[in-house]
Amino acid sequence: MVLTVLPLLSGCSAESVAGWRVVDPTTPRGLQHLLFLLGGFRITLSLSLAAVVAGVVLGLMGALLLRSRHGWVRGLTRALVELVRIVPLFVLLLWVYYALPIIIRGMADTTLGNFLEPLADLSPFWAATLALSANAGAFLTEIFRAGIEGVPRGQVEAARSLGMSEGLTFTRIVLPQALRRMLPATVNQFINTVKDSSLAAAIGLAELTRRATELQTQTYRPLELYSVLALEYLALLLVLTWLARVVERRVRPE
Amino acid sequence: MTALISIRDLTKSFGALAVLRGVSLDISPGEVVCVLGASGSGKSTLLRCLNLLESADSGQILFHGTDIAPLARAHGGRAMEAERNRLRARIGMVFQSFNLWPHMSVLANVIEAPLRVRKLPRAQAEAEGGALLAKVGLADFADSRPSRLSGGQQQRVAIARALAMAPEVMLFDEPTSALDPELTGEVLAVMRLLAAEGTTMVCVTHEIGFARAVASRVVFIDEGRVAEDGTPAAVIDNPRGARLRQFLARFAE
């Protein structure tokens, strides 16, 4: 339906309707353009997937560190999480890609400098993965912490009173319930991460948004190209939210 | 006969609030000790100290003659944590709010610790767990989720869960206080059965009738100390102190 309405919006003159030829799969050039645009899926998907997986690992680590016995561990974790949550993701991305290498090169030949050396020459893909992972990790830390704290204390005490260790209590009693509680918020974060991956266009990563922008500068058809771009994200997220619903239905809390 | 648990001068404060002010109490094997006291008198804290869920500030808890109170005080690394867990497994606890795990079936609740702490083979754990559920009258509910059960049934599952570790003593922390009056009977019946089998039990309770009928000893705790200690007949029917008389009068109404 959207596809039939959009041409009308571009005006009724023959010339304007002809604008859609830029992505018309029945013409060789339109097909070539479309394939170029759709090729961005591979990068958008791998970037989002890498960030989501790393973000979950970071979030789980963060949530556990926030429950550490040592005050300084909690303090340091809290400070890092707040910092990453406060800095806009776009700024974080620019900083990781452009500023971080300068700092690391400045530390050349020190132990830390040598250790961080691989980060001095990040490709746009890995810089975007780093920034998106950190961002997702910070928000997931909060989601996981709330999920873990939502399990009633009495259930933990019951497990401990039976001689179950702290680790066993966490993996068998706390985590399974926490995962169910935090699933909706986690899915939300996944969706945000997929959408936010579009910011990587700014550092030249050829994902969906970048490809639409590049084609637009060549063809001057912003309406058609950015509409297709919006539809690409729509399709991607519809699939993702459908998957999420299936998973949620299977692990619904009692 | 030597005491199974011997509590010596136990003190515990939460901030400025002194909850236990020097409790001393001996519990011999096979005894059923009912602990009475007004709310806030420290009786629940006493039980939680015995199970190392709270750390006492000073005093001793001798379990088979060994002081276990220091285990609760410091974290003390892996060896101490393992020792703590071994001890807790030998001391069963039933809570006021049941604290069943809602994401597991009733049977899974009962066999979780036997499987993972006692490391029993699954078949044996399930057989023992099934027998315990039958004992508390819930054999038909093995595959149900705890949320399907009434409060009284949930508490009976919690008792079976604690028994599954074959503990040497069972601690009951107001096991019927969260229940509707018509459901307390079924839980007390299970406790009566355990007492008749010779289980060593320490019950914090407001059920004076149960204490009179089942307890071998009744202890009245007042202001963080043991105020009266004796047979049910002596403590409940012939209270010496004014505080205990007041306390009992409220239940007689």
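The model is predicted; local features require pLDDT of at least 70 and side-chain atom pairs count only at pLDDT 80 or more, while totals for chains, interfaces and linings use all residues. Residues are numbered from 1 along each chain as its sequence is written, and chains are lettered from A and ligands numbered from 1 in the order in which they are written.

Chain A contains twelve helices and zero strands, where helices (H or I, at least four residues) and strands (E, at least two) are DSSP runs numbered from the N terminus. Its pattern along the sequence is α-α-α-α-α-α-α-α-α-α-α-α. Along the principal axes, the C-alpha atoms of chain A fill a box of roughly 80 × 55 × 25 Å. Of the 254 residues in chain A, 32% are buried (20 or more other C-beta atoms within 10 Å of the residue's own, with C-beta atoms placed from the backbone; 12 or fewer is exposed, and in between is partly exposed). Contacts are pairs of residues whose C-beta atoms, placed from the backbone, lie within 7 Å. Among contacts in chain A between residues at least 6 apart in sequence, 71% join residues at least 24 apart.

Chain B has ten helices and ten strands. Its radius of gyration is 18 Å, which agrees with the value near 18 Å for a compact globule of 253 residues. The box filled by the C-alpha atoms of chain B is roughly 55 × 45 × 35 Å along the principal axes. In chain B, 47% of the 253 residues count as buried. For contacts in chain B between residues at least 6 apart in sequence, the share joining residues at least 24 apart is 64%.

Within chain A, the axes of helix H8 (residues 124-149) and H10 come within 9 Å and cross at roughly 155 degrees. Axes are lines fitted to C-alpha atoms, for helices over the stretch in contact, and angles run from 0 to 180 degrees between N-to-C directions. H8(A) is therefore roughly antiparallel to H10(A) (angles under 35 degrees count as roughly parallel, over 145 as roughly antiparallel, 65 to 115 as roughly perpendicular and the rest as oblique). Residues in this contact include A:Leu132, A:Phe139 and A:Ile143 of H8(A) and A:Val174, A:Arg181 and A:Met182 of H10(A). By class, the contact of H8(A) with H10(A) has twelve nonpolar, four polar and two charged residues; Ala, Val, Leu, Ile, Met, Phe, Trp, Tyr, Cys and Pro count as nonpolar, Asp, Glu, Lys and Arg as charged, and the others, Gly among them, as polar.

Helix H9 (residues 153-161) of chain A and helix H10 (residues 166-196) of chain A have axes that come within 10 Å and cross at roughly 140 degrees. H9(A) and H10(A) are therefore oblique to each other. This contact is made by A:Gln155, A:Val156, A:Ala159 and A:Arg160 of H9(A) and A:Thr169, A:Ile173 and A:Val174 of H10(A). It comprises four nonpolar, two polar and one charged residues.

The contact between the chains takes 17 residues from chain A and 22 residues from chain B. On the side of chain A, the elements that give two or more residues are H9 and H10. H9(A) provides the largest share, six residues. This side of chain A has six nonpolar, six polar and five charged residues.

Definitions and conventions. Two residues are in contact if their C-beta atoms, placed from the backbone, lie within 7 Å. The radius of gyration is taken over C-alpha atoms; the globule rule is 2.2 Å times the number of residues to the power 0.38.
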